Amino acid sequence: MIKSSLQATILIIDDRRENIDLLSAMLKQAGYQHLIGLTDPSLVTDHLSPVPDLILLDMRMPQRSGLMVLDDLNHALGEHCPPVMVLTADNDLNLRNQALCRGAIDYISKPFDYDEVLQRIHNLLQLQLKTLKQRDQAARLQMLVNKQTAALRALSLTHSLTGLPNRRALLDAAERQLMRGSVTVLMIALDGMEAVTQHQGHLMTEALYKHIAELLANSTVARSHRVGVWDSSRLVMLIEGEGEEAAQKAARIHRLINGHHTLEGRLMFLHCHIGISRAHSENEDVAQLFRQAILAIPTNEQPVAEYQPELDNKAQREHLIRTELGAALQSNHLSLVYQPKWRLDGGLLVGAEALLRWQHPTLGAISPAEFIPIAERSADMMQLGDKVLMMALEAVAQWRARALVDECFHLSVNVSAQQLRHGFAESVLARCHATNIPPAIIQLEVTESALIQQISVALRELQQLREAGMHIALDDFGTGYSSLSYLKQLPVDWVKLDRSFIQDLATNASDKHLVGSVIDLAHGFGHGVVAEGVEKVSQQQVLQTIGCDQVQGFLYAKPLAITDFEDILSQGRHAMNAEISPTAH
């Protein structure tokens, strides 16, 4: 772009050489140096590269008129055509008007007036210079806006912590892929992030999330696939096409992520569950595709699952249960049943396990296997756990008042991972004190998975309860992490063998040997052993021979309503003996 009018390139088009020479002399004397003369107007398009800054155009030329040249210029350059000043006689008013209509900016009358010509050219070039500067500024501004817009768009499509595509980018990518063909979504849920936040803080949680995201994105299983972030606890991998090997890839991702991770010298544990969904054409809803992948995420021990249509009905029921659970907590629809526990050496009734039941007014009986996991994924679990503890304490208080139980009796209450937080022990002891229940009568049952999620808090809170006289049982032993070292580390008094170890005990020598070894080890650490799920006399007999301390199961009684359990209590604690046959309960 020229910096001053004197640097302008001026093209003079006139069929008479003397007119070109006259104008060129006038302009050179005024300081203009870049002058081009053209006597053949048909060659004008050959002189437009580079485009001149000003064109002086004669109107009356025999070979090709000035109006025709204006048409040529407009056709060749369009809106980029430089200003044109026409050269015409005073009596050519109509011709001047036609030229102005074709885009001419000004005119110079013949014969030329030296001062007028220079002033008109100077004014026009100054205006052109100002216009070019404004265009340049506008272009620079537009480039800056475009650059910033691109940066903002990139930022809007990027997860700030990991630098991976975010939810919006994943939706866009899946939609574009569906226009070309099929797409498969792997929704990768990271369970345990909340526990890391509770014990390590938000910064460590963010560092762990970034570590996991980079681990996945840089892995061979993710090669050629798009990996992105869905939310604070879920990642996504998009597979173009049908994804025939999606399940195998998901299994590899599970092996990569599930388990312990060491970061900044700290050991953290994550569970990984993966849901798979597929779409085959652009007519399918992309948002629905991701929703189906979320629905497919398994909530049990299964690591990977694919979307099935029946999951929609399950999701609707889960939503209904989650909604109704809050109301149930404020009503009398929740109750406890009690499954007796017996000593194997003499058949003494030593206690019971309190189990929660929900009788919904319209849905009927809702299994705890269904509503407890839903509560654990919501904010209701804390309130639900408190209600169970209070109902259990109130029941014990009534039994003590009626002399149905003594100090040797204990009632077991299950504790979830969500309850094992700071202040849990003080809360439990305060409730015992308020109901005048000795802590030794209450036994808290905690699963291995709950303990490992809250290991540092669990050790402190459970030890405080144990020191106050309360008994602690390690529930479902063998189904979680199955680390025998927990028997030494954790402040527990009892180990409960999961029913899966008892099922084939009488017919499977390996199970018998394994259970016997666990019992010996538990006894070596000073822990008692309870076998749950005992349904056959043959199982009871094996348990007696290998030294199990206590049993519970359908062989003795199903979980009983409070009135039925009180009937057993009223019969006395020796109501049943070791040689037992199934009861009608």
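**Exercise 1. Find the ring under the charged end of lysine 558, and give the distance to its centre.**

Solution. The ring belongs to phenylalanine 554. The charged end of lysine 558 sits over it, 5.6 Å from the centre. The test: NZ of Lys or CZ of Arg within 6 Å of the ring centre and within 35 degrees of the ring normal. Arginine 167 sits likewise over the ring of tryptophan 230, at 4.4 Å from its centre.

This is a predicted model: local features need pLDDT of at least 70, side-chain atom pairs need 80 or more, and totals for chains, interfaces and linings use all residues. Residues are numbered from 1 along each chain as its sequence is written, and side-chain values use heavy atoms, without hydrogens and water.

**Exercise 2. Classify the ring pair of tryptophan 358 and phenylalanine 371.**

Solution. Start with the cut-offs. Rings of Phe, Tyr and Trp (its six-membered ring) pair if their centres lie within 6.5 Å; planes under 30 degrees apart are stacked, over 60 edge-to-face, the rest tilted. Here the centres are 5.4 Å apart and the planes at 85°, so the pair is edge-to-face. Next, burial: under 20% relative accessible area is buried, over 50% exposed, in between partly exposed (1.4 Å probe, protein chains only). Tryptophan 358 has 2%, so it is buried. Phenylalanine 371 has 0% and is buried.

**Exercise 3. Classify the pair of tryptophan 399 and phenylalanine 565.**

Solution. The centres are 5.3 Å apart.
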